[in-house]
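I opened the notebook to record what I looked up in this chain, entry by entry. The entries start from a single residue and then widen to its surroundings.

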Amino acid sequence: MALRRTAALTLLMLGSLARVSAAETSLPDAIAAPGESVVLSVHAEGAQVYECKAASDGKLAWAFREPIATLLLDGKTVGRHYAGPNWEHSDGSAVVGKVAGSAPGATANDIAWLKLAVISQRGSGVLTGVTTVQRINTRGGKLDGACDKAGAFSSAPYSAEYVFLKKG
């Protein structure tokens with residue numbers, strides 16, 4: 001009986017450690033946002049969409065076009081992420097960002113972690129007043145290599161955490 005209790009307690013503790021919030025993730029300086037506080041942190045599941053284009057050397061290669069993702073909180077859809085880059089919350093609030101910092105993903109297949117400065121807002125709701133968006137804990141999303149036909153599209157599945165912050 002004591003062994004079962006110990007095993008159950010160990011599993012409970014491990015489960016608690018696995019739920020460390022995105023806000024507590026150690027961030028590289030390039031994407032840190034000192035002096036800002038978390039408004040919302042969501043999980044995203046989607047794809048990075050690429051287009052086949054001629055690179056500067058004239059060879060065809062995949063070029064990033066846009067993200068398409070569902071924003072999730074506690075397993076429920078609360079918004080979407082798409083070209084712009086835009087993030088829309090189901091309450092009608094939305095922000096558009098511009099890359100302000102970047103750090104490599106954990107593996108060669110993971111898209112970069114980003115810090116994005118909010119350049120415009122619309123609607124009112126939870127995203128109102130957000131000044132910075134961080135993309136962290138990325139998995140997947142990279143599509144490398146040559147492609148065969150200019151204008152062709154392909155996508156790479158990815159997941160990430162998006163942390164919305166405001167000053168103060």
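**Entry 1**

I began with F164, whose place is in strand β8; strands (E, at least two residues) and helices (H or I, at least four) are DSSP runs numbered from the N terminus. I noted that this is a predicted model, in which local features need pLDDT of at least 70 and side-chain atom pairs count only at pLDDT 80 or more, while totals for chains, interfaces and linings use all residues. Residues are numbered from 1 along each chain as its sequence is written, and side-chain values use heavy atoms, with hydrogens and water left out.

Is F164 buried or exposed? At 1% relative accessibility I count F164 as buried, where buried means under 20% relative accessible area, exposed over 50% and partly exposed in between, with a 1.4 Å probe and protein chains only. Setting aside residues up to four places away in sequence, I found that F164 touches S37, V38, V39, L40, V42, W87, V95, L127, V130, T132 and V133, contact being heavy atoms within 4.5 Å. I also looked up the C-alpha atoms of F164 and V118, which are 46 residues apart along the chain and separated by 9.7 Å.

**Entry 2: The nonpolar cores**

Which members of the largest nonpolar core touch the most other members? Of its 25 residues, these are W87, V95, V133, Y162 and F164; a nonpolar core is a set of buried Ala, Val, Leu, Ile, Met, Phe, Trp, Tyr and Cys residues joined through side-chain atoms within 4.5 Å. Strands β1, β2, β6 (113–122) and β8 (153–167) each supply at least two residues of this core. Apart from this core lies another, of 7 residues, among them A33, A103, W113 and V163.

For V95, leaving aside neighbours within four places in sequence, I listed contacts that include P85, N86, W87, V118, L127 and F164.

**Entry 3: Aromatic pairs**

I counted 3 aromatic pairs, taking rings of Phe, Tyr and Trp (its six-membered ring) as paired if their centres lie within 6.5 Å, with planes under 30 degrees apart stacked, over 60 edge-to-face and the rest tilted. Because Y50 lies in strand β1 (residues 36–54) and F64 in strand β2 (residues 60–73), the pair ties together parts that are 14 residues apart in sequence. Y50 is buried, with a relative accessible area of 7%, whereas F64 is partly exposed at 46%. Ring pairs also link W87, Y162 and F164 into a cluster.

**Entry 4: R65 on strand β2**

R65 is found in strand β2 and is partly exposed, with a relative accessible area of 44%. Not counting residues up to four places away in sequence, R65 touches V49, Y50, E51 and F153. The C-alpha atoms of R65 and Q48, 17 residues apart along the chain, are separated by 7.7 Å.

**Entry 5: The whole chain**

I found 1 helix and 8 strands, running α-β-β-β-β-β-β-β-β from the N terminus on. Of the 168 residues of the chain, 36% count as buried. Among contacts with a separation of 6 or more, residues 24 or more positions apart account for 62%.
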